[in-house]
Amino acid sequence: MASRPKLHYFRGRGRMESIRWLLAAAGVEFEEEFLETREQYEKLLKDGRLLFGQVPLVEVDGMMLTQTRAILSYLAAKYNLYGKDEKERVRINMYADATLDLMMMVVGTLFKSPAEKEEDFALIVTRAKTRYFPVFEKILKDHGEDFLVGNTFSWADVQLLEAILMMEELNTSVLSDFPLLKAFKKRISNIPTIKKFLQPGSQRQPPPDSHYAEVVRHVLQL
Ligand code: HAG
């Protein structure tokens, strides 16, 4: 039996959460080693397992993969969530890159003060409502399918749902002007593997808190 992917990251969302989502959506069980101490990080460095000295690190198929987008595209291809041809694949990449850009805006607020976070969150929600969600609403309208690309479930759908839920954590009415996105959220959330991941007790991580920020600071000596 093929060994399960092993994820090395902090006990929190950061850059690893989209990788957890993709594996869960594919129905793939995975292991995690949570970085809690500087020594763990330094051992990964000393053992040469972090190509550019950074995490996320995913051990899969005998490889030590780093760089979030590279990991995501490898896993999307491996688990058939990457379209049927190059034209579908480039669309999936475009949509996945856009949703990752939006979610990384939240990641970037990690060390901000509560007041700065509130300000940033408002700007991020505005960006979601003015740049990203109108585009995805139009894609769903023009494409007329249940999914963003072709007529099958892909990495792009997984990541858009993740981004929608993340924006709703910042502003519960963020979808009020986007009826097709509301329907998309309901539809994709009901896909069995996603539905299971959304249940309490899954490997989904909660929103970042001050403890998570402290662990990251400590481990990375930021
Ligand atoms: C990727 C890290 C260091 N291009 C890479 O995987 O996409 C970037 C990876 C990256 O930046 N990793 C960070 O290892 C940790 S993740 N840094 C060590 O020497 O570069 C990042 C996000 O929530 C997480 O906390 C980390 C720092 C966030 C800082 C926000 C201002």
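Two strands are taken to pair if DSSP finds at least two bridges between them. Helices (H or I, at least four residues) and strands (E, at least two) are DSSP runs, numbered from the N terminus. This is a predicted model, in which local features need pLDDT of at least 70, side-chain atom pairs count only at pLDDT 80 or more, and totals for chains, interfaces and linings use all residues. Residues are numbered from 1 along each chain as its sequence is written, and side-chain values use heavy atoms, with hydrogens and water left out.

Strand S1 (residues 6–9) and S2 run parallel and are joined by four bridges. Helix H1 (residues 17–25) packs on the sheet, where it touches S1, S2 and strand S3 (57–60); contact here means heavy atoms within 4.5 Å. The direction of H1 makes about 160 degrees with that of S1, with axes fitted as lines to C-alpha atoms, for helices over the stretch in contact, and angles running from 0 to 180 degrees between N-to-C directions.

The sheet is open, and its four strands follow the order S2-S1-S3-S4 with mixed pairing. Strand S2 (31–34) and strand S4 (63–66) form the edges, each pairing on one side only.

The chain contains nine helices and four strands, arranged along the sequence as β-α-β-α-β-β-α-α-α-α-α-α-α. Its C-alpha trace spans about 50 × 50 × 30 Å along the principal axes. Buried residues (under 20% relative accessible area, 1.4 Å probe, protein chains only) account for 47% of the 222 residues.

Technical notes: Buried means under 20% relative accessible area, exposed over 50%, partly exposed in between (1.4 Å probe, protein chains only).
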